[in-house]
Number of protein chains: 4
Amino acid sequence: MLIVMKKGASDENVQGVVKAAEKRGYTARPIPGGDRVSIGILYNKGSVDAGLFLGLEGVNEVIPVTKPYKLVSREVKSQNTVVMVGDAVFGDGSMPVIAGPCAVESEKQCLAIAEAVKKAGAVMFRGGAFKPRTSPYSFQGMGEEGLKILARVRDVTGLPVATEVMDKENFDMVEEYADVVQIGTRNMQNFTLLKRAGKSKRPVILKRGMSALLQEWLMAAEYIMEEGNEQVILCERGVRTFVRHSRNTLDLSVVPAAKKETHLPVIVDPSHAAGIRDQVIPLALAGAAVGCDGLMIEVHNIPEEAVSDGAQSLYPDQFEKLMQKINRIHEICKDG
Amino acid sequence: MLIVMKKGASDENVQGVVKAAEKRGYTARPIPGGDRVSIGILYNKGSVDAGLFLGLEGVNEVIPVTKPYKLVSREVKSQNTVVMVGDAVFGDGSMPVIAGPCAVESEKQCLAIAEAVKKAGAVMFRGGAFKPRTSPYSFQGMGEEGLKILARVRDVTGLPVATEVMDKENFDMVEEYADVVQIGTRNMQNFTLLKRAGKSKRPVILKRGMSALLQEWLMAAEYIMEEGNEQVILCERGVRTFVRHSRNTLDLSVVPAAKKETHLPVIVDPSHAAGIRDQVIPLALAGAAVGCDGLMIEVHNIPEEAVSDGAQSLYPDQFEKLMQKINRIHEICKDG
Amino acid sequence: MLIVMKKGASDENVQGVVKAAEKRGYTARPIPGGDRVSIGILYNKGSVDAGLFLGLEGVNEVIPVTKPYKLVSREVKSQNTVVMVGDAVFGDGSMPVIAGPCAVESEKQCLAIAEAVKKAGAVMFRGGAFKPRTSPYSFQGMGEEGLKILARVRDVTGLPVATEVMDKENFDMVEEYADVVQIGTRNMQNFTLLKRAGKSKRPVILKRGMSALLQEWLMAAEYIMEEGNEQVILCERGVRTFVRHSRNTLDLSVVPAAKKETHLPVIVDPSHAAGIRDQVIPLALAGAAVGCDGLMIEVHNIPEEAVSDGAQSLYPDQFEKLMQKINRIHEICKDG
Amino acid sequence: MLIVMKKGASDENVQGVVKAAEKRGYTARPIPGGDRVSIGILYNKGSVDAGLFLGLEGVNEVIPVTKPYKLVSREVKSQNTVVMVGDAVFGDGSMPVIAGPCAVESEKQCLAIAEAVKKAGAVMFRGGAFKPRTSPYSFQGMGEEGLKILARVRDVTGLPVATEVMDKENFDMVEEYADVVQIGTRNMQNFTLLKRAGKSKRPVILKRGMSALLQEWLMAAEYIMEEGNEQVILCERGVRTFVRHSRNTLDLSVVPAAKKETHLPVIVDPSHAAGIRDQVIPLALAGAAVGCDGLMIEVHNIPEEAVSDGAQSLYPDQFEKLMQKINRIHEICKDG
């Protein structure tokens, strides 16, 4: 941490900061600059709270230097974490694709979609049984019945299944049926849920919050890892910006930025970012090109009858063509 | 809902949309425009899902008209909802101020602060016993012990107490000790928590999510009201923007905008928006002037020793001077 | 500037950075930290370009410490700059209000509005003769004829007039008629225009860009001051965010933040931020409370017939009542 | 345009709106809804100003339906506009790459870079002679001398050259030397400059403003086309968001969204979005995959000695490898 003093701050001010730091057990070293003194906090283990110094007399600014994360950091573990679920391998340089409908609607629907996406090359099936919806009057998902359908899809097709868990209460149940549990964007900082996920034996897909900084996202993963679960897959799904031509703004720069900071795999969900089919295909291709560790794409056999997000679901034949391109792009880009 | 067709969309396309609407039980009426046809969905009760039409052939854009909220809407209930807790009344045109430290640290600390803020005119005490923290390594709050301290503050000072609840698991416990439960910004769309709050006898302070649209915030309140709890207080606490000179951007325009849409009281928390003491005072005054229904302000007796957010906590004497100004401004602005 | 090395960066990497700094004439001092080495760039005059170091081997992050501004900085000149134009004084602790229509439409219109706002206490008249419009098909302003009307308003009412200048070509002309020239939000980084404004004898109102950081806004003012014009008034008018309930998000926290960094006066324009009359009044009151150095408010005698921005223009009687409240709030807040 | 009335708005209110519309020459038709009346403005040519109706009694909301653009619209001209400059063709389904340094520094530098990028497959050279810089103390470019160097690069290598023009004053000069003129992000709504560009014989690269909505960007292009210049190339270069891990957020969803609305070619500049070399390469690949009409990439022979933006400039050998991948990805994605 670097504490930048105001121009003209007195020696007394500087000593005040040094003492405050020492009181907390840190080593503080004043560094004379051109215009002002800065004070470095040295040899600290882990990050220091800026708030401790921000209000002190003579302090102009406090600049964090040490990153607050430990377990998720690539500096701590330089090798990629690899998460394996059936034939899907995340983090080994391959490009596994997870596909399926937004919501589980019926066994018939799910089986039809699962067969189609499997044939096209998807290695995992997705579908929501518990749906976080902005309105209490919207369809909230089929619940346990939906989970049973997912299990049936796995039995029939051999595809592992991923589904969202919304709270600690239902975690045991979701974990029992699903191969991978997903924590949604609205729950990225639901710390109770993160801690429970940290105790799970299942890999966790952690979606980025709607306006989460990279550091906050990684710290959410840190909550999971800190409880013992090392199988965390980060998923970029678009962030909220001023933009109105897409539902969210897919932030592909976060892929190289995150992979620089962490050893965890990073996948991309173009469907929720786009909100409309026409944009899903080009954004999926862009995701494959940017060097992520997998994609999650919504597919529906009859999108116009979908109970939710039909407009962003691909038709099976669109998905099939898309998969071919994704695989070819991945061949080109996989070596970085 | 208005469905805008592409220029040159065929009659067949228009009929396709009309049929899709009728299939869902809506009445659809084509409206010829200068350049293109639009189709109005009429006589619908409640809002219609845009996704149903967005992907259909010939559709250019789908524009929602009906608002999705029912119980929170001022159109449904034109009179202000008034929430009374002890001497604190929210929504009757008065300006109740909630004050206290970010986190409960000790009984001594809380009593000292509570006495000071009560003397200055605060009508409710706040303090966190469960703290949602970005890092798992930061202080997570005193838990039940903290709640007991809050209860003790109430006994000694007579001030009702407000505190945050982070999950359904601890809701019973928090509810037992606190007079008002608070749902934090990171949990604004934790729907399991919202539903539980809807079953509570306690009033709920619902903080706006970090990047929540007004409509999403109101729909979160709708979740609470839909379960039966009508005592919801909305709290603006700053939103995330590109800005770097304050922690968040306090969005005061949301106060008149929200009060136009809903009958629920709207209060303002300048402390979390600012993140630094120098900005808290002017933003608190601005909040009082903008016509909100109350303020929530962090005060600490020894901010430099606070375990969290010391830099944004006011000194008791600053708070006292601020209260006098707040009251005088409120006198001027209260009649709208 | 602080250059933070990667964990495990070699001594050679550190020496590489030190040499690169010395090559540019800076003094570089390595500072050993807990986990990594940082390198301080010391005794530099003015700011250092981060790009010089960002790409070097072993460098993790580059953190600017010295602020890049000179003339606008309060560290350089601690006393408030005071700009006086007729009875309007900006920066001396008073609350001058500039009022008038969005666009100059006719002499009759302008005189009617000017008389009304003067009576209510406004000390400067505003009105656009050159209008920056998103569409080339929208009304672009009356041009020189509009400027003549403004001059006539001044002659009749004694109010000084402020109006926007959009380019260097028309600067001479605008300067001849107007008492204060305004640079609009879309031109905040039109450096050619800023340099010309720096050669003007007229005070300049510099509106904040739609998504300008505080530092960028101050650097735009620096362009003007660097050419010799010290009479710069900063004007916050709302920034672009994800929010949809107001046209822009009025960022009142920038007022205390800017006044901490600079000696220049800072005024607030609630009309363009709000975009709708209902929000203008509470935001104007909030602006007065936050401690700014003046307000700019749109008023129209017949808003429903205005050629532009009628929806955000106050009626004269609304403005009159508002002025009374503004003055009373200012009395309360003026001593900080 | 759809005008949504408040619930319970009176017949008189509805008639007031109808009359206001008719007074402006529009046809207004009331549409009864479930909860409220809406009023459609029909048969209007071009867009209608929302402000005309927003403030009227009983009006709740005004929703634009007709898009305001004419010449740029794909509805007006369905075929792609193709811009040809030497061997570079934008808009015909090919993937031309423009490359070069941020700033022109010397003839030697430019020739070295130009030879390298040409060899790698670039079809146009870029380099700034006039540099818009946040600080007046930063290098402002070589001016006309820089333009002469660009002309020399064209003579020697045969590559056409693109360079930025910052104001009307220097337009004649820039136009004389350059094959393509570029309007930068800070000038996207410098309407005087846009109008001048509209009179140019040169193709114009129009960068998207830092926080420009798609519609605003297209309207800026409309300004150019309206003056007679049909050769406009749109360039996405990242927008400003809350994100801190990249300089700007590259918004790739704008590519399919823009191409749906307009017939103009859309290219992508990953260098300015990223701000750092490590991100430029993956974002360039993503840009190629998303289906844009070209890329603009910064390359420098000795980035560590660049006068500006060295950290984001690729080394020539990085660029060469990148070009191979770009071409292969384009082969895969070009058929949509």
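Start by selecting D:Asp179: at 15% relative accessibility it counts as buried. This is a predicted model, so read each stop as a computed picture.

**Stop 1**

D:Asp179 sits in the loop between helix 5 (171-177) and strand 10 (180-183) of chain D. D:Arg154 belongs to helix 4 (residues 144-157) of chain D, and the partners are 25 residues apart. D:Arg154 is partly exposed, with a relative accessible area of 21%.

**Stop 2: strands of chain D**

Now select residues 37-42 of chain D, which make up strand 3. Is this strand mostly covered or mostly open? Mostly covered: 5 of its 6 residues are buried. Strand 1 (residues 2-5) of chain D runs antiparallel to strand 3, joined by 3 bridges. Pick D:Ile3 and find its bridge partner, D:Ile39. Next, show strand 2 (residues 27-32) of chain D. Strand 2 also pairs with strand 3 in the antiparallel sense, over 6 bridges. Here D:Thr27 is the bridge partner of D:Leu42.

**Stop 3: where chains C and D meet**

Show chains C and D together. Each side of the contact has 47 residues: 47 from chain C and 47 from chain D. The buried area is about 3900 Å², and carbon and sulfur atoms give 49% of it. Which three residues of chain C supply more of its buried area than any other three? Select C:Thr134, C:Tyr137 and C:Arg240, which supply 16%.

Between these chains there are 4 salt bridges. For one of them, zoom to C:Glu216 and D:Arg240, whose closest N and O atoms are 2.6 Å apart. Then colour helix 7 (214-226) of chain C.

**Stop 4: a salt bridge in chain C**

Select C:Lys259 and C:Asp293. They form a salt bridge at 2.6 Å between the closest N and O atoms. C:Lys259 lies in helix 8 (residues 254-261) and C:Asp293 in the loop between helix 10 (277-290) and strand 14 (295-298), so the pair ties together parts 34 residues apart in sequence. Both C:Lys259 and C:Asp293 are buried.

**Stop 5: chain A**

Finish with A:Arg196 and A:Asp172, whose side chains meet in a salt bridge (2.7 Å, N to O). A:Arg196 is in helix 6 (residues 191-198) of chain A and A:Asp172 in helix 5 (residues 171-177), so the pair ties together parts 24 residues apart in sequence. A:Arg196 counts as buried at 13% relative accessibility, whereas A:Asp172 is exposed at 52%.

Terms used. Residues are numbered from 1 along each chain as its sequence is written. Chains are lettered from A and ligands numbered from 1 in the order in which they are written. This is a predicted model: local features need pLDDT of at least 70, side-chain atom pairs count only at pLDDT 80 or more; totals for chains, interfaces and linings use all residues. Side-chain values use heavy atoms; hydrogens and water are left out. Buried means under 20% relative accessible area, exposed over 50%, partly exposed in between (1.4 Å probe, protein chains only). Helices (H or I, at least four residues) and strands (E, at least two) are DSSP runs, numbered from the N terminus. Two strands pair if DSSP finds at least two bridges between them. Contact means heavy atoms within 4.5 Å. Buried area is the accessible area (1.4 Å probe) that two parts lose on being put together, summed over both.
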